[in-house]
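Here is a short note for someone opening this structure for the first time. Please keep the sequence and the 3D view side by side while reading.

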Amino acid sequence: MNRAAAAPPRASLVGRTMAAASTVGRMDGLMLVAIAALAVIGTMLVWSSTRTWAAGSTGLVKKHILNLVIGAVLAGTAAMVDHRALRVFAPLIYGATLIGLILVITPLGSTVNGAHSWIMLGGGFAFQPSEFAKLGLVLMLAMLLAQPARGTDRPRGFDVVIALVVSSFTMGLVMLQPDLGTTMIIGVITAGTIVVAGVRKRWIAGLTLSVIGAGVAVWFLDVLEPYQVARFTAFLNPASDPRGVGYNSTQSLIAIGSGEVFGKGLFGGGQTTGRFVPEQHTDFIFTVAGEEFGFLGSVTVVALLGVILLRGVRIARECDDRFGALMAGSIVCWLAFQSFVNIGMTIGIMPITGLPLPFVSYGGTATFANMIAFGLLQAIHMRRHPFQ
């Protein structure tokens, strides 16, 4: 008998790549599809909101696509890394992000939309270190709180204190910019990681009272910039000055409401074409979805974000090592809060804080940070059991 004829056919390259044992085959496919769908929707929304004023009508959308491609490479690289190895490098990564935050408040930093948060790289490119500071903090907090106290499944009190000190350094540097939105996200990442770590209830109660006290102090000690105070004033009563501090909120609601159920169609939104809503390609991109894709399109965006968050929660619950579970849990807290604030400020239930919508808004550094976070979730999913 011919041995060559008896040998089973060799699997194709595509077949081997998609096999269950391969990297791609072990990824969370549903999350991957949701991310890809949001990227496509976001590209259409960025194109619609910039085509009347961006260079060559497709200038920014081309740059957005380039950012997505780079982000996809970063996500794939992060997914290939064994997340458990990152525990050793967490202090170095966190330290690097602190250096970036310090450089921003030096003459190297630049001010955009009232926040001194950027480092200009030339050629129309800019770098925002606070976006990567979120990732550095996620890794550092997970490392600090991953080791439980002897005989318990809770972190030691000393480790919780160190985690709060570490978070305070990051938060303080971001507040110096000042970037209130990112400061809020850092607070949520910290609180979420501590809660996921399983601290005692007295810690949670103490932290809650501390946050309330800090918020009151920030308000009455005039820590906020005038434009930030104006945003909160507009949130409480946007109708009081619809042409001034309440302009953004008022125009945002008009844009979303005019889309009704089915929307006006891509490129068909009058509010978007006329640029009545500021920063529609970044902070207010959800208004483009509401006006041009209507209620159904808006719900689709929310549903896709929900899929990502639910899959992230599942990854955190199924992970057998505490470091990975804490990483996944804090990333979910970060993305959930940022999505809620971004969408909430466009429909009038949250104050305007200048946060982009994850995986949808135009942006370079933010896109890279979000995609790396997605890659880390995939890395945890693929190695969710210790001996995999």
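1. Start with the kind of model. This is a predicted model, so every value below is computed from predicted atoms.

2. Find S49. The residue sits in helix α3, which covers residues 29-50. Is S49 buried or exposed? S49 is buried: its relative accessible area is 4%, and buried means under 20%.

3. Next, look at what surrounds S49. Setting aside neighbours within four places in sequence, S49 is in contact with T272, Q280, H281 and V288. R275 also belongs in this picture. S49 and R275 are 226 residues apart along the chain, yet their C-alpha atoms are separated by 7.7 Å.

4. One of its polar atoms lies 3.2 Å from the backbone oxygen of V46.

5. Turn to the cysteines. C319 is buried, at a relative accessible area of 8%. C333 is partly exposed, at 22%. How many disulfides does the model hold? The count comes to 0, where a pair of cysteine sulfur atoms would have to lie within 2.5 Å. As background, a disulfide is a covalent bond joining the sulfur atoms of two cysteines.

6. Finish with helix α13, residues 285-318. A straight helix of 34 residues would span 50 Å. The end C-alpha atoms of α13 span only 34 Å. Where does α13 bend? The bend is at F293, by about 130°.

Conventions: Residues numbered from 1 in each chain as written. Predicted model: local features only at pLDDT ≥ 70, side-chain atom pairs only at ≥ 80, totals over all residues. Heavy atoms only, no water. Helix = DSSP H or I, 4+ residues; strand = E, 2+ residues; numbered from the N terminus. Buried < 20%, exposed > 50% of the residue type's maximum accessible area, 1.4 Å probe, protein only. Contact = heavy atoms within 4.5 Å. Polar contact = N/O pair within 3.5 Å; in protein donor to acceptor, adjacent residues only side chain to side chain. Expected span 1.5 Å × (residues − 1). Bend = angle between axes of the 7 residues up to and from the residue.
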